[in-house]
Amino acid sequence: MKELPPQDQLLKEHDRDAIIMLPPDGWFCPYCPPPDVVGTVDWIEGPDGHEFGRCRRCGQKLVLADAA
């Protein structure tokens, strides 16, 4: 069985950072330029109806603000 590397080698650059709130139309990671129209963030809808995301490239966690 292969052993995993230490956790600090598994984490991405922004994994430990606080969640960033983006405006309702801000679907892209503020740190990583989008390579295409889809971008680098995987989004899910939480149980409260808010959209939560995490950047595949740097690990930054994101949430969308409510539309006013």
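How many aromatic pairs does the structure hold? In this predicted model, the structure holds 1 aromatic pair. The pair is formed by Trp-27 and Trp-43, whose rings are arranged edge-to-face, with 5.1 Å from centre to centre and 75 degrees between the planes. Trp-27 is located in the loop between strand 1 (20-22) and strand 2 (41-45), whereas Trp-43 belongs to strand 2, so the pair ties together parts that are 16 residues apart in sequence. With a relative accessible area of 36%, Trp-27 is partly exposed.

An open sheet of 4 strands is found, in the order 1-4-3-2 and with mixed pairing. From one strand to the next, the twist averages 30 degrees. Strand 1 pairs with strand 4 (residues 61-64) in the parallel sense, over 3 bridges. Leu-22 has Leu-64, in strand 4, as its bridge partner.

Leu-22 and Leu-64 also both belong to the largest nonpolar core. In soluble globular proteins, nonpolar side chains tend to be buried together. When neighbours within four places in sequence are left aside, Leu-62 is in contact with Ile-19, Ile-20, Leu-22, Cys-29, Pro-30, Val-41, Trp-43, Glu-51, Phe-52 and Gly-53. Trp-43, listed among these contacts of Leu-62, is also a member of the aromatic pair with Trp-27.

Note on methods: Residues are numbered from 1 along each chain as its sequence is written. This is a predicted model: local features need pLDDT of at least 70, side-chain atom pairs count only at pLDDT 80 or more; totals for chains, interfaces and linings use all residues. Side-chain values use heavy atoms; hydrogens and water are left out. Rings of Phe, Tyr and Trp (its six-membered ring) pair if their centres lie within 6.5 Å; planes under 30 degrees apart count as stacked, over 60 as edge-to-face and the rest as tilted. Helices (H or I, at least four residues) and strands (E, at least two) are DSSP runs, numbered from the N terminus. Buried means under 20% relative accessible area, exposed over 50%, partly exposed in between (1.4 Å probe, protein chains only). Two strands pair if DSSP finds at least two bridges between them. Axes are lines fitted to C-alpha atoms, for helices over the stretch in contact, and angles run from 0 to 180 degrees between N-to-C directions. A nonpolar core is a set of buried Ala, Val, Leu, Ile, Met, Phe, Trp, Tyr and Cys residues joined through side-chain atoms within 4.5 Å. Contact means heavy atoms within 4.5 Å.
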